[in-house]
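This report walks through selected local features of one model. Keep the sequence and the coordinates open while reading.

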Amino acid sequence: MDKLILGRYIPGNSVIHRLDPRSKLLAMFCFILLIFWANNLITNVLLFVFVFTLIFLSKIPLTFFLKGIQSMVFIIAFTTLFQLFLTGGGKVLFQLGFIKITEFGLSQAGIIFSRFVLIIFFSTLLTLTTTPLSLSDAVESLLKPLKFFKVPTHEIGLMLSMSLRFVPTLMDDTMRIMNAQRARGVDFGEGTIVQKVKSIIPILIPLFASSFKRADALAIAMEARGYSGGEGRSRYRQLSWKMIDNLALISICLIGILLFLITKIGRASCRERV
């Protein structure tokens, strides 16, 4: 639980911190598209160099990003091994009974692993350098054109803001409840699967109770302050799009152009070999 960093913000004054949250969100969406476009070693290395450059510019220790990977290590390992052992094609590199590793399976496993790591690193960079309130304002601003279709953009931004804000709080509550249960003799790591599932019940009941109590207190506080929706409300925080935000999106476009050229050259070389 202490490895989960979703919703946590690290204050700073780096170039990445000063970017408009809307440009960060747009850059993340574009970067995810580029990740699924990269399908060979060179393109993935290029994306890793780009991401590590952003991490260096953010002045945030790499350990925070490694914690993001540690919290999803099971999913990454399962998906990578699934691709490695169950994807056929190409020359057989290793075989032991029904277990077989091929060139294509190895390359696909490497690509899947790289995609997971890149997405986690970039999304972690977004959340660590942007406050939850700024993210909700950015989402609401980007969804403004949908107001024409009667989409409640302000309410969507508010729900996102509260969700990101209370994820760390819920994790802290979970750790506090688990420590209290351990002090009473509960062991969460021993026994069969059924026993482990039963040991979670003493955590869920007080966690749900505290969550509903906190939600009720939040609703009362919003009503006491006269909250009645987003119509006609002024804003204390004003988003400001600057030249540096244009440069950030231009850099993403340049990375996309490089990926396109590398992919095109790679395909042309493969055709010549054939």
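Is His17 buried or exposed? At 12% relative accessibility, His17 counts as buried (buried is under 20% relative accessible area, exposed over 50%, partly exposed in between, with a 1.4 Å probe and protein chains only).

## Basis

This is a predicted model, in which local features need pLDDT of at least 70, side-chain atom pairs count only at pLDDT 80 or more, and totals for chains, interfaces and linings use all residues. Residues are numbered from 1 along each chain as its sequence is written, and side-chain values use heavy atoms, with hydrogens and water left out.

His17 sits in helix H1 (residues 15-18). Helices are DSSP runs of H or I with at least four residues, strands are runs of E with at least two, and both are numbered from the N terminus.

Contact means heavy atoms within 4.5 Å.

## Two loop residues

Ala38 lies in the loop between helix H2 (21-37) and helix H3. Ala38 counts as buried, at 0% relative accessibility. Beyond four places in sequence, Ala38 touches Thr43, Asn44, Leu47, Ile111 and Arg115. Ala38 and Ile262 are 224 residues apart in sequence, yet 9.5 Å apart in space, C-alpha to C-alpha.

Lys59 belongs to the loop between H3 and H4. Its relative accessibility is 69%, so Lys59 counts as exposed. Lys59 is not a glycine, but has a positive phi of about 60 degrees. Most residues other than glycine have a negative phi.

## The nonpolar core

A nonpolar core is a set of buried Ala, Val, Leu, Ile, Met, Phe, Trp, Tyr and Cys residues joined through side-chain atoms within 4.5 Å. The largest one has 34 residues, and Phe31, Leu47 and Phe122 touch the most other members. Two or more residues each come from H2, H3, H4, H6, helix H7 (132-142) and helix H10 (243-273). H6 gives the largest share, 8 residues.

Phe31 is in contact with Leu47, Phe50, Val51, Leu118, Phe122 and Ile252, leaving aside neighbours within four places in sequence.

## Helix H4

Which residues of H4 are buried? In this helix (residues 62-70), they are Phe65, Gly68 and Ile69. They cover an arc of only 100 degrees around the axis, so they lie on the same side of H4. The arc is taken from the directions from the helix axis to the C-beta atoms. Their cover includes helix H3 (41-58), helix H5 (73-86) and helix H6 (103-128).

H2 and H7 pack at an angle of about 75 degrees, with axes 8 Å apart. Axes are lines fitted to C-alpha atoms, for helices over the stretch in contact, and angles run from 0 to 180 degrees between N-to-C directions. H2 and H7 are therefore roughly perpendicular (65 to 115 degrees; under 35 is roughly parallel, over 145 roughly antiparallel, the rest oblique). Pro21, Arg22, Leu25 and Leu26 in H2 meet H7 residues including Ser134, Ala138 and Leu142.
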